[in-house]
Amino acid sequence: MRGISKAFPGVRALDDVSLSVDAGTVQVLLGQNGAGKSTLIRILCGAHHPDAGEILIDGRGVRLHSPADARRLGIAVIFQEFSLVPYLNLAQNIYLGREPRGRIPGTIDHRKMHEEARRLLDGLGLDADTRTPAHELGVAQQQVVEIAKALSQNARILVMDEPTAALSDREIARLFDRIRALKQSGVAIVYISHRLQEIFEIGDRITVLRDGRNVASLAPSETSVDGLVRLMVGRQVTTTWRERFCDTPGDVVLEVRDLHAANGVRAAAVDVNAGEVVGLAGLVGAGRTELARAIFGADRVVSGTVRVAGRPLARGPAGAVRAGVALAPENRKTEGLALMRSVQDNVLVAGLQTLFPAGWYRAAIAARAAADVISRLRIATPSPARLVRFLSGGNQQKVVVGKWLIAGSRLFIFDEPTRGIDVGAKAELYGVIDGLVAGGAAVLMISSELPEVVAVCDRAYVMRDRAIVGELKRRGSRSDNILTEENILRMAMHHGQ
Amino acid sequence: MASEGRAQARHYVRSVPGAGYLLVVLILVFALFGEGFATLPNFLNIGVQGSVLLLLALPMTLIIMSEGLDLSMGAVLSLAGVVLASMLMNGRPLWVALAAAAGVGLAFGVANGVLVVTLGLPPFVATLGTLGIAQGLALVLTGGQSVVGIGDALPALYESRIAGVPFSIVIALLAFLAFWWMLSRTRVGSYVSALGGNREALTLAGVHVDLFHIGIYAAGGLMSGCAALLLTGRMSAGHPTAAIGLEFDAVAAVIVGGTSFERGNGTLAGTLIGVLTIGVLRNGLNVLSVPSSLQVASIGVLVIAALVVDSTIAALGRPAGSRP
Amino acid sequence: MKSLAYRLVAVALMATGLALTTEAFFTGPNLFNVLRQASLTFLIASGLTLTILTAGLDLSVGANVGLSACMAATVMKSSGSIALGVATGLAFGAVVGLANGLMVTALKLPPFIATYGMMWTLNGITYWFMAGETIHGFSPGFRALGSGSWPAPIPPYWPGVPVPIYVMAAFLAAGGVLTRYTTFGHEVYAIGANREAARLSGIPVRARLNLVYTLSGAMAGLAAIVYLARLNSAEADIGEALTLPAIAAVLIGGTSLFGGVGSLTGTLVGALTLTLVVNGMNLRAVDANWQPLVTGAIVLLAVWIDVMTRQRAEARV
């Protein structure tokens, strides 16, 4: 791939990016969230069209109009969400849509299909019976079936997106054996991962992207973990967006001890005090949203305690809201807003019990409360009756935040609050957060944008593999405990044992 | 290879739905408490009564596996029966009349498919609408009366036996074999499961998913039309409301037989067991002099129980609190 | 609001068309008859509106009306007390509604299949309970609820306003208050528009849904009482033909199957529209057998419009 550029409305995802892979090698694609990796891969598999640049296979330019084109040219992508049909057996899954024909027209030659499938699976070292339904296999084995499926389509370029995210150490070792075998047979592999240890083990070359641009392309022998981290992070941030950081935190607002949740969070301990903005950093999949949801009661808690202002929370989101906890979810459109309803209705939805404890809704009071929020947050809308779906991303996020103002929350949990928002709206949102903590509330903020975490938060917890692995402060005795982008990234990635 | 054979056998055993055990229990209970239940003529009766239901339940299995529903089958069957009877009454040869009935069914099936797949209407409402239309047509064509005087050819055919087996059971078995062959020997089986389990995968595989999906509903309509052969033969007449509510039995049979709504799992063997279970339940309750109204009520309870069991099994298989 | 205005205009146009082409339409008795029938349809459809607003569905309303009516009739006859019979009908309807609600919230069954199973169960129980008999002959005071008019008619000047219209008006008003002036009403709309967002905003979704389905059942119970008064008899098949027109009325009225959009006023307009169509067919001596066909076609049309509106809206998000 050469000189690939791609822009989406409002954001430049890729700027003159190049990526090359030789047959029989593993090219690692490395970069933070938002660096452009997934856009590049989607262009490679034919789902998006580049604005500029070209793709060459064996030195010849190709045009990819659709995923079917990409597959025909031998490009196969294995995403994290598998594309297997749960109740079909392995052979059926591998050959879905391309079943070998039997003698009678219209029938399938089952024996041939299973024989071929057996051959593929044996080649990859998986001894599961080809007649088992896919859903009975573990994640690691399903992944092997996905690889077999790609190979059955004569894939010459195999892209693997975070393949080890859900695997145990032993399964990872076997996967690497298979990858080595694939290399031997000449397959070119693009490997996306955050796990630096693995990168050094399996990678032949490393390409680093940052902010949609190529930053480096080197061999593992030419660099180190620290070197990679520095390449990924780039310049040090000097500007801050907070008026005043919190030197003397107030009372404890949130106290979490030894929290285990059904969604995988393990042994989490968190403290948030009034007046503080506490960050929750980590890589995608580290479990930050899961922790937030567990604290809020949206996912089931197995054991441990969550106390707000000293009192344990009642079960479920309703209990959390009653105790003054607010959640602005990661997917604002699907979980935070009712797109088909008006700005006013959305802004009021969490505060109905607070405004009208007796249950009688009075339009005048409601309208005034909504108008108050709209002006406080400067939500740009021609009228409160406008449907939320017409608002810009930034204003939609303000609505999500705004609905908690009426409810009088004292702990705000924000999950990626500035994702997909333009710079101006971001600044406004930071001002809002500032105002909240100045008024005595506490904020727990999940963010994947390292500069943002460093610039906005008083402290930050770093998560990895569904557990908290460390806490960073603005001031500290040791240099690796200070809240910097490098420290966050280092803690967030696998860095030795 | 020996291990493959054993794996296959183990797979078949595990795929027998719980309804199989329920069926055995029901048979034992009724045999014990019902006089005249456990006799060959009665079992043949169950088979004959259940043959129309099986014809409907077979395509319903496919439809439910693909996350759909067809509530119009009973009304379409009644309409087809009326059409069949009318043509016979007018002296047309049997095969012409049957072709007309099948054609009517097919037309409604395709209409259902287009409404659900192309226009995107929710299946239960779309087929509720076509139910009204089919029902209305049947009532209008007959003025609410039965169509009699269909001659002797069809009733004689219906009463006949082939190698000692009643005609309707033969037809039902043929239909079962045809569907079984389609599902296990051709791509239809894989595609139907994929429709319910992971529609994306099918699209990515380059299959004409929409066309296939419509085809499933078309099959439902076609079978409803063909079932008119048995229904009209049994009643020696065509009545506009003869089969109203039969789709409920079909849905019940499919769900009791272990097919789920959203996962793409389902077996024809399970549906067969479901049909037999419903047939045994009705017959047994009859023998015990339980009125047919309560039979319907008990099937309703059975369906709800089967749904609860199904969703419990699904919930157990999924880690709690996990998100896709 | 805009779409409601369009629907009202459509009704007015239909009425005008009928008045111009059919003699018997624009007479006092006929008009009030239309209103009476529309009121009856509205009563069943109002509870159904609530469930559809939450993006759910209650297919068992018709069967619920049937069984509640039979139960109420039986109690009224055997105990001689109207009040007891009415209470039985309401209570029974509400209990069925609660059962539906629990199937949806506690057992997490999809509403359409759960209420479909319930529909057949209720049907069966009704037929068994009535054992082929008919209960008739209720006191004139009770019958006035369904067939009476108030003020009494003074022919030929004053046809008398049928009582069901007052019941309908009362419930329209109550329903309007519920949906617009209570937090419960707003929560219902929020749940329908986006159930997960409502849950994450602190709304106790399961409790609200249970209440919605219970109310739907109670309304069916109430409709059963009024039907009983109108028909002056109870048979097992009262409720069978009621579900499809109720669904049609709700959909025509602009309430979306996808939840969060719609109103009781819309359902009334929908009930009026449907009744006008049927009335027109009756006046022009069209075979009554055409009615299920026409209702079915109308339901399909209404759903299709709903889906198209939704698709166009989602494309512009």
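Biologist: What is the mean pLDDT of chain B, and what share of its residues reach 70 or more?

Modeller: This is a predicted model. The mean pLDDT of chain B is 86, with 91% of its residues at 70 or more.

Biologist: Thanks! And where in chain B does pLDDT stay under 50?

Modeller: Over residues 319–324 of chain B, for which the model has eight contacts beyond four places in sequence. Where pLDDT is low, predicted coordinates should not be read in detail.

Biologist: Let's turn to chain A. How do you know that the span of helix α14 (residues 363–376) of chain A agrees with what it should be?

Modeller: That helix has 14 residues, which at 1.5 Å a residue should span 20 Å, and its end C-alpha atoms are 20 Å apart, so the two agree.

Biologist: Which residues of α14(A) are called buried, and what makes them so?

Modeller: A:Ala366, A:Ala370, A:Val373 and A:Ile374 are buried. The word applies because a buried residue has 20 or more other C-beta atoms within 10 Å of its own.

Biologist: How do you know that they are on the same side of α14(A)?

Modeller: They cover an arc of only 100° around the axis, and that puts them on the same side of α14(A). An α-helix has 3.6 residues a turn, so residues three or four places apart point the same way. The buried residues of α14(A) pack against α12 (343–348), α13 (352–355) and α15 (393–407) of chain A.

Biologist: What is on the other side of α14(A)?

Modeller: There A:Ala364, A:Ile365, A:Arg368 and A:Ser375 are exposed; the cut-off for that word is 12 or fewer such neighbours. After α14(A) comes A:Arg378, with a positive phi near 55°.

Biologist: Now the contact between chains B and C: how many residues does it take from each?

Modeller: It takes 37 residues from chain B and 34 residues from chain C. On the chain B side, α6 (123–142) and α14 (292–317) of chain B are the elements giving two or more residues, and α6(B) gives the most, with 14 residues.

Biologist: How do the residues on that side of chain B divide into nonpolar, polar and charged?

Modeller: They comprise 25 nonpolar, twelve polar and no charged residues.

Biologist: Last one: which domains does the assignment give for chain A?

Modeller: It gives domain 1 (2–233) and domain 2 (252–492). Their centres, taken over C-alpha atoms, are separated by 35 Å.

Definitions and conventions. Residues are numbered from 1 along each chain as its sequence is written. Chains are lettered from A and ligands numbered from 1 in the order in which they are written. This is a predicted model: local features need pLDDT of at least 70, side-chain atom pairs count only at pLDDT 80 or more; totals for chains, interfaces and linings use all residues. pLDDT is the predictor's confidence in each residue, from 0 to 100. Two residues are in contact if their C-beta atoms, placed from the backbone, lie within 7 Å. Helices (H or I, at least four residues) and strands (E, at least two) are DSSP runs, numbered from the N terminus. The expected span of a helix is 1.5 Å times one less than its number of residues. The arc is that of the directions from the helix axis to the C-beta atoms. Ala, Val, Leu, Ile, Met, Phe, Trp, Tyr, Cys and Pro count as nonpolar, Asp, Glu, Lys and Arg as charged, and the others, Gly among them, as polar. Domain bounds come from an automatic or database domain assignment.
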